[in-house]
Amino acid sequence: MSENSSSLDTFPKVLSRNVSQFGNSPAYREKEYGIWQTWTWSEANDEITNLAKGLIKLGVKEGDHLAVIGRNRPYLYWSLMAAQQVGAVPVPLYQDAVADEMEYILTHCSAKYAIVGDQEQVDKIQEIQEKVKGLKDIVYVDPKGLRKYDKSSLHPFLDISGAGKSDDGELKEELDKRLEKITGETTAVLLYTSGTTGRSKGVVQTHKAIIGASSGANELDRWSSNDHLVCYLPMAWVGDFMISVGQVMVAGACLNCPEGADTVQMDVKEMGPTVFFGPPPLWERLKTEVNIRIEDASAFKKGAFQYFMNHAEKVGRQILEKKSVGIIDRLMYSIGGFVIYGPLKNMLGLTNVRIAYTAGEAISAELFDFYRSLGINLKQLYGQTEASVFLTMQDDSDVRSDTVGKPIRGVELKIAETGEVMYRSIGSFKEYYKNPKATKETKDKDGWVATGDAGYIEETSGQLRIIDRAKDVGKMKDGSMFAPKYVENKLKFFPNILEAVLFGAGQEKCVAFLNIDLSAVGNWAERNNINYASYQELASNEKVMEMMKGHVEEVNQDLAKDPTMSGCQIHRFLILHKELDPDDGEITRTRKVRRSFVAEKYDDLVTALFKGVDEVSTKTEVTYEDGKKGYLEATISLVDTQTYMLKEKSDAA
Amino acid sequence: MSENNSVLMEVKNINLRFGGVVAIQNVSFDIYEGEIRAIIGPNGAGKSSMLNVINGFYHPQEGEVWFNGEKRPSMEPYQIAKTGIARTFQNIALFKGMTTIENVMTGRQLKMNKNFFWQMLRYGPAIEEEVEHRRRCEEIIDFLEINHIRKTPVGALPYGLQKRVELARALAMDPKILLLDEPMAGMNVEEKQDMSRFIIDVNEEFGTTIALIEHDMAVVMDLADRVVVLDYGKLLADGTPTEVQSNQAVIDAYLGVPH
């Protein structure tokens, strides 16, 4: 694709290339009524064109903002592209956002239209429609439950695309006129960042940036029109946009939409994707599931599993990376492939996976090696919304869990004096929507963008290594480095710990909040005859505390070995009485902890941890899924932990 | 609820006795096309017996059942089911070892009428027929949002989902009238909300007439267009939820009267 990439600088152009080159190969699939329905590239093109014409008829003007909200469905992906074709700016929103989050974004970008998945989204938008002044029309895909709604500003998707289909030529003319005006510099999408601090910002991305970054990534991993992938991550997340729209379109690959959120795992198994993207928690969960099943298996099966997994651990990675391995070991590995690894991959739906990606958070070496030793080519990448995701990726021959790879084509990296990672890339964002101040702070006049992450480039390998969010890295009272995320990640590598939040900047010692993982700890409780009715009850169980204390002390021991980090050892911790929840604003929709918000909200608990009392009562406001608020009261015990002395004195820090 | 209030079903002067026990005593009421009709009453009031009379499981000693404007002759339950009456049960009555889709497909059984020979071979016309019925079942599965358990044996499902599968099976019959015997018994608040939403959706989207027995008054008052109150086998009141709620006899029956 590289030879003609310069001429393919807009999505409408890429689409027509796909129609002429891969017209009859599958472009979109969706499981509906239990059967996979397929649209080829030329069928998809017709759908998109009809919808685009229908949108013109509805009154969509060039430059209008059009919100797209719902779970991953072909209709909504087409909506993004149809909006681009008519010169409007598509704005995908998180489908599980509560009404006032939506209100903020819809007001901020003054969206005039919304295309939504179902009744749930219609309800939410109608709730805020009065406050969002400019919002005119809503188009919905699934008519279920909407029969009795007032239809004056509410239109079924099929009516809109139907109007485009039965067009007498006028709309076609208008569409062609608008298509001609689209260039590489035209805005392709407005994506809102998840916003770990404060309100989210709207990132304006052009056609050229998205296509440029996608081509770079596709080139490295040799994507082709034979690739298949499953989309299941939120459409509003930049990662899904880049993969399901950018990379799929540029490669002419096939995008498969699952039946619903609950069926993803089953659908993945049926689909057998060749490329699969999962954030670390997903890989963690899959492995936990495997372990739980093995625990329940017969002794023989358990033994065979252990034996071959040990063997895979020994040679699996070397074989995957095409390094030299003895003939006997190779033979054993292929037997293992037949009896264990193959069936296991099949159960996970990863049999055909050529490349698997993980990004967004650090992943534990153990977890990473588990998948790689099975022969699954799991790789890390690093990026952010402002860069159209792809900054660094790993080449097949050079994959590691503690680094995130080298810059891809079109990306330059440098490390600022402060230790912050900076980049200049073809995928760089144009600006923050209606926020020139923030744009100026992030992107300098030469086009260098600050990532907000502290990191360094490893001299030996040339790969980038990320330490923490730059603004989170602080100093403790005695001057030693405080890198909360580094420690939190170590804690989260334990399957029993779902979330951790570390406090200690400017203090003498570090303390932590923990969230237990309900499925892992719940399973453990079941096997150990511990009764519990709720998260809260399990979290306050003494044996669970004991277990957590063990985990924390293990981390402390680990930290004690590292002279720069030994100051971050955790002196006291508590298990929170509720799970951190995006509805309460404690973590973002992409599950990143909003540190300062948590610190403020649970100020009483943080103070108690530092003060040294044994127990504290607290009352917390919680938001239920339907937006109602309630209170949760609890008495939480605080646990002291063992800390360790630095093993080897050194001045290397 | 339809505006013209055409009567779909009417029971007239029903008397049902089991030996010396009088289960239903001279009860008459009607059900309009397209409405949600609730039957309430204290324990032992004869509510389930009433449903059993309507779907032909019990034959009352006296009284008439009018359906679709005709007086119904004495029929077997399966014949009555064919006329368009489907029901769910107070205690779930699913095939526990079969999957959700298989259970829902049994709801189409009465509509499958291709040659036994072809069905046995699962070939030719029998396949076409199965495909057609499967499509309808899949629509219902999608409608009730049970796609993720399509292939799970129902015995392994939680209670609330089993109830939903049972509703799906009843819907698969494309009934004119759907009888629900305590669809929300034993559910928590959230499950009740879900179930209520599905009942309303079925009523609105498919236009199915629904008669339901329910104990949770809040649910009944929200869902029902009209309510029949039974007590000791007798009709105590009949009217809209607000009318029934303010009826002194009903209040007495539920709260008791000072002696």
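Tutor: We'll take the chains, then the domains, then a helix pair.
Tutor: This is a predicted model: local features need pLDDT of at least 70, side-chain atom pairs count only at pLDDT 80 or more, and totals for chains, interfaces and linings use all residues. Residues are numbered from 1 along each chain as its sequence is written, with chains lettered from A and ligands numbered from 1 in the order in which they are written.

Student: How many residues of chain A are in contact with chain B?
Tutor: 10 residues of chain A, against 11 residues of chain B. In contact means that the C-beta atoms, placed from the backbone, lie within 7 Å.

Student: What domains does chain A have?
Tutor: Domain 1 (2–274), domain 2 (281–351 + 353–415 + 451–469) and domain 3 (474–640). The bounds come from an automatic or database domain assignment.

Student: How many Å separate the centres of domain 2 and domain 3 of chain A?
Tutor: 28 Å, taken over C-alpha atoms. Their contact takes 10 residues from domain 2 and 12 residues from domain 3.

Student: New topic. At what angle do α1 and α2 of chain A pack?
Tutor: About 145 degrees, with the axes 8 Å apart. Helix α1 covers residues 11–22 and α2 covers residues 41–58. Helices are DSSP runs (H or I, at least four residues), numbered from the N terminus. Axes are lines fitted to C-alpha atoms over the stretch in contact, and angles run from 0 to 180 degrees between N-to-C directions.

Student: Which residues meet there?
Tutor: A:Leu15, A:Asn18, A:Val19 and A:Phe22 in α1(A) meet A:Trp41, A:Ser42, A:Asn45 and A:Ile48 in α2(A).

Technical notes: Two residues are in contact if their C-beta atoms, placed from the backbone, lie within 7 Å. Helices (H or I, at least four residues) and strands (E, at least two) are DSSP runs, numbered from the N terminus.
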